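Visitor: I would like a close look at a single part of this model, with the surroundings brought in as needed.

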Amino acid sequence: MKFFIDTANLKEIQEAYALGILDGVTTNPTLMAKEGITGNNNILKHYVDICNIVDGDVSAEVMGLDFKSMVSEAEVLAELHQNIVVKIPMTLEGIKAIKYLTEKEIKTNCTLVFSAGQAILAAKAGATYVSPFVGRLDDISSDGLALIAQIRMIYDNYGFETQILAASIRTPMHIISCAEIGSDVITAPLAALTALAKHPLTDSGLAQFIQDFEKGNK
Ligand code: E4P
């Protein structure tokens, strides 16, 4: 399973990359705004800065809503760096754009996916990744992880090559459940990724080992 970090914060990306377990980055306009990155030129530069940190796929989102503007933005984004994957929203115009970009060998990430039907369309269009939003479904009392399992089954039924990128991951348990289901990728904030390492028995066991080592060396 690939681990992507879901942030536009360069320090957090560096920190996760230094762990040696990071395979890529996802961003979105909200995450960019949170870092104070505004204006098209600054946003494009920020994507390049991220690509220069991480050796892996970096999702960069188009803002246009129609086929023509999505495709022209996508072509600019794809030219920025070989690691760029163009994030296209799940709309009918988006599906057309994904199909077109796939034929041009530009990698895509179909975003804002909330149903199995949408995931089937993304795969039919040839998206590199499909991003179902687990946490946002949970937020409305729907079952985000059940959607990941449903898409996994459908993709396996037909051998679709589109990779399932479980997005809107909020907790370490989301990550573990996605691994059980067989999600190809998860994208999570740094806190959820690092929380995987934590266990109180590890902490108390380590404290005991240190104490016993020091006693024996007095
Ligand atoms: C990633 O591609 C998504 O934009 C992101 O995971 C959304 O997460 P959120 O629901 O926590 O905003």
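Which residues of helix 6 (residues 116–125) are buried?

Guide: This is a predicted model, in which local features need pLDDT of at least 70 and side-chain atom pairs count only at pLDDT 80 or more, while totals for chains, interfaces and linings use all residues. Residues are numbered from 1 along each chain as its sequence is written, and side-chain values use heavy atoms, with hydrogens and water left out.

In helix 6, the buried residues are Ala-116, Ala-119, Ala-122, Ala-123 and Ala-125. Buried means under 20% relative accessible area, exposed means over 50%, and partly exposed lies in between (1.4 Å probe, protein chains only). An α-helix has 3.6 residues a turn, so residues three or four places apart point the same way. The cover over the buried residues of helix 6 includes helix 5 (92–103), strand 5 (108–113), strand 6 (129–132) and helix 8 (144–158); contact here means heavy atoms within 4.5 Å. Helices (H or I, at least four residues) and strands (E, at least two) are DSSP runs, numbered from the N terminus. After helix 6 comes Gly-126, with a positive phi near 95°.

Eight strands form a closed barrel in the order 1-2-3-4-5-6-7-8, with parallel pairing; two strands pair if DSSP finds at least two bridges between them. From one strand to the next, the twist averages 30°. Strand 4 (residues 84–89) and strand 5 run parallel and are joined by four bridges, and Pro-89 stands opposite Thr-111 in strand 5. Helix 5 lies across strand 4 and strand 5, at about 155° to strand 4. Axes are lines fitted to C-alpha atoms, for helices over the stretch in contact, and angles run from 0 to 180 degrees between N-to-C directions.

As for the setting, the protein has eleven helices and eight strands. Of its 218 residues, 45% count as buried. Among contacts with a separation of 6 or more, 56% are between residues 24 or more positions apart. The C-alpha atoms fill a box of roughly 75 × 40 × 30 Å, taken along the principal axes. The accessible surface of the protein comes to about 11,200 Å², by the Shrake-Rupley method with a 1.4 Å probe; for residues, only the protein chains shown count as cover. Carbon and sulfur atoms hold 56% of that surface.
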